Amino acid sequence: CAACHTVRGTAATGTLGPDLTHFGGRRTIGAGALPNTRGNLGGWIVNSQTVKPGNKMPPQPLTPEELQDLLAYLESLK
């Protein structure tokens with residue numbers, strides 16, 4: 001994630017994707033494509049191309065445990 005996204009106050013300083021600093025407080029994901037729910041976010045992370053073809057985020061091959069940990073982290077960014 002850190003290669004493409006910034007989270008201010010951390011080592012994540014990527015510039016290709018959107019800044020995720022206050023991600024947990026957002027109402028939508030994918031530039032308004034979906035409501036920011038845990039289920040939608042999980043689907044987006046695993047394969048955002050099924051939601052919004054042509055976006056810059058590649059599919060992320062995560063284990064279920066890794067995905068749950070990432071979802072919890074992103075939800076905590078408020």
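Predicted model: local features only at pLDDT ≥ 70, side-chain atom pairs only at ≥ 80, totals over all residues.
Where is the place of Asn 55? Asn 55 sits in the loop between α1 (38–47) and α2.

**The loop between the helices**

Ser 48 and Thr 50 belong to this part of the chain too: Ser 48 is in the loop between α1 and α2, and Thr 50 lies in the loop between α1 and α2 as well. Their surroundings are worth a look one by one. Ser 48 has a relative accessible area of 0%, so it is buried. Thr 50 has a relative accessibility of 60% and therefore counts as exposed.

Polar contacts link several residues here. The side chains of Asn 55 and Ser 48 are joined by one of 3.1 Å. The side chain of Ser 48 also reaches a backbone atom, the oxygen of Met 57, at 3.1 Å. For Thr 50, a polar atom of the side chain lies 2.9 Å from the backbone oxygen of Asn 47.

If you leave aside neighbours within four places in sequence, Asn 55 is in contact with Trp 44, Ser 48 and Gln 49. Counted in that way, Ser 48 touches Gly 43, Asn 55 and Met 57.

**How α1 and α2 meet**

Two packed helices are described by the angle between their axes and the distance between the axes. Here the axes of α1 and α2 come within 10 Å and cross at roughly 120°. The crossing of α1 past α2 is right-handed.

On the α1 side, the contact is made by Arg 38, Leu 41, Gly 42, Ile 45 and Val 46, while α2 brings Leu 67, Gln 68, Leu 70, Leu 71, Ala 72, Leu 74 and Glu 75. Sorted by class, the contact of α1 with α2 has 8 nonpolar, 2 polar and 2 charged residues.

**Leu 74 in α2**

Leu 74 is part of helix α2, which covers residues 64–76. With a relative accessibility of 8%, Leu 74 counts as buried, because the cut-off is under 20%. Which residues is Leu 74 in contact with, leaving aside neighbours within four places in sequence? They are Leu 20, Phe 23, Gly 24, Leu 41 and Ile 45. Phe 23 is 51 residues away from Leu 74 along the chain, yet their C-alpha atoms are separated by 6.3 Å.

**Around the strands**

Arg 27 is found in the segment before β1 (28–29). Leaving aside neighbours within four places in sequence, Arg 27 is in contact with Leu 34, Pro 35 and Asn 36.

Ala 31 has its place in the loop between β1 and β2 (34–35). The phi of Ala 31 is near 55°, a positive value in a residue other than glycine.

**Accessibility at a glance**

Here are the residues from this tour with their relative accessible area.

| Residue | Relative accessible area | Class |
|---|---|---|
| Leu 74 | 8% | buried |
| Ser 48 | 0% | buried |
| Thr 50 | 60% | exposed |
| Arg 27 | 75% | exposed |
| Ala 31 | 77% | exposed |

Conventions. Residues numbered from 1 in each chain as written. Heavy atoms only, no water. Helix = DSSP H or I, 4+ residues; strand = E, 2+ residues; numbered from the N terminus. Buried < 20%, exposed > 50% of the residue type's maximum accessible area, 1.4 Å probe, protein only. Contact = heavy atoms within 4.5 Å. Polar contact = N/O pair within 3.5 Å; in protein donor to acceptor, adjacent residues only side chain to side chain. Axes fitted to C-alpha atoms, helices over the stretch in contact; angles between N-to-C directions. Left-handed = near helix turned anticlockwise from the far one by under 90°. Nonpolar A, V, L, I, M, F, W, Y, C, P; charged D, E, K, R; others polar.
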